[in-house]
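Welcome, and thanks for taking a look. Please open the structure below, and then we can go through its pockets, its cavity and its aromatic rings together.

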Amino acid sequence: MEPGTGREQARSRPRHTAPGRHGRRTSQLAAWGFLAPVIVYLGAFYAYPLYRNLDLSLRHYTVRSFVQGGAPFSGWDNFRQVMDDPTFGTALRNTMVFTLVSILFQYVLGLALAVFFHRGFRLAPTLRALFLIPWLLPLIVSASTWSWMLNSESGVVDYALHLTGIGEVDWLTSPHWALTSVIIANIWIGVPFNLVILHSGLQNIPAELYEAASLDGASGWQQFRRITFPLLRPVSAITVLLGLIYTLKVFDLIWIMTKGGPGDASTTLSTWSYRFGFGSLLPQFGPGAAVGNILIVIALVFGLFYIRLQRSQPA
């Protein structure tokens, strides 16, 4: 090799230098460009509505001031008015009963169906797809269907009860049955969601664990208690949390079926908030927003509880 050739080749090779200030600025601008749509979306559809709802709950709004502005600041008066109202206790109790009972039955029935379909048989995919129909239907269709089925004069449910000799039940007009009626309809709607999520969680459990348990002589119940349920706990937690947040704010189903009645028998915080804001000729925007904020705080508490629970579990 001729002298100096190595040095000339080394000089001719491109040098990889660290990116300069211009390169870093370009990368930062690109990153902000990707984040900008998300920030705009969160600001327009989450942050601003939350701010407006909080502002509504802290001011004395009328129809005129709602349109033109200039509503006087009232502080916590709207919250005090709501909590001093006799309907508050009933609405809070109905919301808790409606939410907890719905979540319990949706999860138990969804888990039972998920385990059933996980065993695998010829018609399993077809039947599982049919179970998704209640979840895919618009809520207005589901609520209208259940209103027709539970109608005390022409509903098929009362007709079937009459044939069996049990007698008719005023599902939608009786204070004792109105809340039960909307709970039954909500359970029917929510079971498919639990079925889909829990079935996907079951598919991630290794089959070798069940084979080893069978060789050790474990029964089906022991396999479920020792293997299925513990390994399905993370999926179950997120399923229950999502169902809880959704069920807390259910409005259209209850409003279409009973409008929160008769009286306040099936009134929840969501329907009560709507009744304040839009249920009369003289809407009370402040108290309605206050009820909505109370509902948001309840959902936030459950969300923080879930995060704390997840952090306390071993990895």
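How much space lies in the second largest pocket? About 230 Å³. Please keep in mind that this is a predicted model.

**Second largest pocket**

- The residues that line the second largest pocket are Val115, His118, Arg119, Leu202, Tyr210, Gly220, Trp221, Gln223, Phe224 and Thr228.
- Two helices, H5 (86-118) and H12 (220-231), each contribute at least two residues to the lining of the second largest pocket, and H12 has the largest share with 5 residues.
- Sorted by class, the lining of the second largest pocket holds 5 nonpolar, 4 polar and 1 charged residues.

**Largest pocket**

- The largest pocket has a volume of about 550 Å³.
- Its lining is made of 22 residues, and those nearest the centre of the largest pocket are Asn53, Ser273, Gly288, Gly292 and Ile296.
- Helices H2 (21-57), H13 (233-248), H15 (269-278) and H16 (285-312) each provide at least two residues of the lining of the largest pocket.
- H16 gives the most to the lining of the largest pocket, namely 7 residues.
- In the lining of the largest pocket, 15 residues are nonpolar, 6 are polar and 1 is charged.

**Cavity**

- There is 1 cavity of 30 Å³ or more in the structure, and the volume of the largest cavity is about 30 Å³.
- Around the largest cavity you will find Ile103, Gln106, Tyr107, Asn194, Thr239, Val240 and Gly243.
- H5 and H13 each supply at least two residues of the lining of the largest cavity.
- That lining of the largest cavity has 3 nonpolar and 4 polar residues, with no charged ones.

**Aromatic rings**

- The structure holds 19 aromatic pairs.
- One of them joins Phe224 and Phe229, a tilted pair with 6.1 Å from centre to centre and 45° between the planes.
- Phe224 also belongs to the lining of the second largest pocket.
- Phe229 has a relative accessible area of 35%, so Phe229 is partly exposed.
- Why does the pair of Phe251 and Trp255 count as stacked? The ring centres of Phe251 and Trp255 are 5.7 Å apart and the planes lie at 25°, and planes under 30 degrees apart count as stacked.
- Phe251 is partly exposed, because its relative accessibility is 22%.
- Phe251 and Trp255 also belong to a cluster with Tyr274 and Phe278, linked by ring pairs.

Definitions and conventions:
Residues numbered from 1 in each chain as written. Predicted model: local features only at pLDDT ≥ 70, side-chain atom pairs only at ≥ 80, totals over all residues. Heavy atoms only, no water. 1 Å grid on protein atoms, 1.4 Å probe; cavity = no way out; pocket = protein on both sides within 12 Å on 5 of 7 lines; lining within 4 Å. Points joined across faces, edges and corners; volume = space filled by probe spheres on them. Helix = DSSP H or I, 4+ residues; strand = E, 2+ residues; numbered from the N terminus. Nonpolar A, V, L, I, M, F, W, Y, C, P; charged D, E, K, R; others polar. Phe/Tyr/Trp six-rings, centres within 6.5 Å; stacked < 30°, edge-to-face > 60°. Buried < 20%, exposed > 50% of the residue type's maximum accessible area, 1.4 Å probe, protein only.
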